[in-house]
Amino acid sequence: MLVSKVSLLMIAGAIAVLAEAFSQEENPVYKNEASVQTFGSFVKTTTSNGVDTMSVDPPAPGRALALYLASAAQGDPWSAPNGAMLEIDAYLPRLGEEGHLRAIRAWAESKTPEYQVIHLDGDASVKQQVIARYLNAEQQAAAMPASSLALTPANYKFRYMGASSGTPVYVFHITPRKKRSGLINGELWIDGATGLLIHEAGYLVKKPSIFIRHLKIIRDVRLQDGTPYIRTTQIEIDARFVGRADLTITESPCTCEHEGIRTQESEKR
């Protein structure tokens with residue numbers, strides 16, 4: 001089991017990098033129902049009076065992207081000071097081990113997330129080496145400068161791929177300008193009416209370990225009355241010796257008062 005424990009640590013390291021990659025910011029209804037018309041137009045970035053402006057042909061996707069970038073600059077609705085109900089399901093198919101967490105995530109004055117655990121069960125290795133490490137990674141990611149990993153023209157090239165039929169949703173392929181830890185190669189789906197990011201998917205351009213063979217990330221946001229309501233993140237990691245690790249993280253807005261960190265384990269003592 002030593003090899004398995006070592007590989008679990010590798011998975012935990014990968015989770016930490018994934019948390020960094022997605023800390024800057026959704027089965028979307030749009031993706032399942034829409035057919036995409038491919039255009040493949042590059043987003044042109046020009047500078048005027050020190051301000052970057054972008055243009056896309058046709059112009060509607062460019063307006064949606066500009067609206068997204070403007071709203072993203074004003075803050076992430078899932079980060080401080082907004083609380084959330086958090087559920088994490090983790091599964092190691094090859095080992096037949098799993099774990100589940102339900103908690104309230106609130107933000108301390110230092111803008112570091114704290115967790116009030118409502119329910120925690122499953123295999124000890126998954127709880128300690130996967131779920132707990134993911135929470136630690138979230139805390140570490142919150143302390144990092146957002147500018148180095150943000151989904152902005154400074155870090156990424158944007159290529160317009162197409163629009164969905166029946167709904168104003170625009171698809172962009174993103175490619176990192178530099179192969180740097182925490183950046184992803186993938187796609188973004190932007191709601192044209194609100195400029196909100198409703199879907200992002202891809203893989204890390206730089207693997208955190210030689211023990212990690214594959215990393216797949218999918219994040220979907222469901223909107224309600226034009227605002228983010230439920231965010232679901234799926235992470236699939238293929239690691240040597242242990243095999244695949246699957247995580248599903250579901251977040252929803254929460255106005256519950258945070259009473260401090262509490263776990264089932266501590267309640268039993």
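These are my notebook entries on a predicted model of one protein.

**Overall composition.** I began with the secondary structure and found five helices and 13 strands. I then looked up burial: of the 269 residues in the protein, 43% are buried. The exposed surface comes to about 13,500 Å², and carbon and sulfur atoms supply 51% of that area.

**Helix α3.** I turned to α3, which covers residues 59-73. Next I listed the buried residues of α3, which are Pro-61, Gly-62, Ala-64, Leu-65, Tyr-68 and Leu-69. Because these residues cover an arc of only 160° around the axis, I place them on the same side of α3.

**Helix α4.** I looked up Arg-133 and located it in α4, residues 124-142. Its relative accessibility is 35%, so I recorded Arg-133 as partly exposed. I also noted a polar contact between the side chains of Arg-133 and Gln-129, at 3.2 Å.

**The loop between β11 and β12.** I examined Asp-225, which lies in the loop that joins β11 (212-224) to β12 (227-239). Its phi is positive, about 55°, although the residue is not a glycine.

Note on methods. Residues numbered from 1 in each chain as written. Predicted model: local features only at pLDDT ≥ 70, side-chain atom pairs only at ≥ 80, totals over all residues. Heavy atoms only, no water. Helix = DSSP H or I, 4+ residues; strand = E, 2+ residues; numbered from the N terminus. Buried < 20%, exposed > 50% of the residue type's maximum accessible area, 1.4 Å probe, protein only. Areas by Shrake-Rupley, 256 points an atom, 1.4 Å probe, with all protein chains shown as cover. Expected span 1.5 Å × (residues − 1). Arc of directions from axis to C-beta. Polar contact = N/O pair within 3.5 Å; in protein donor to acceptor, adjacent residues only side chain to side chain.
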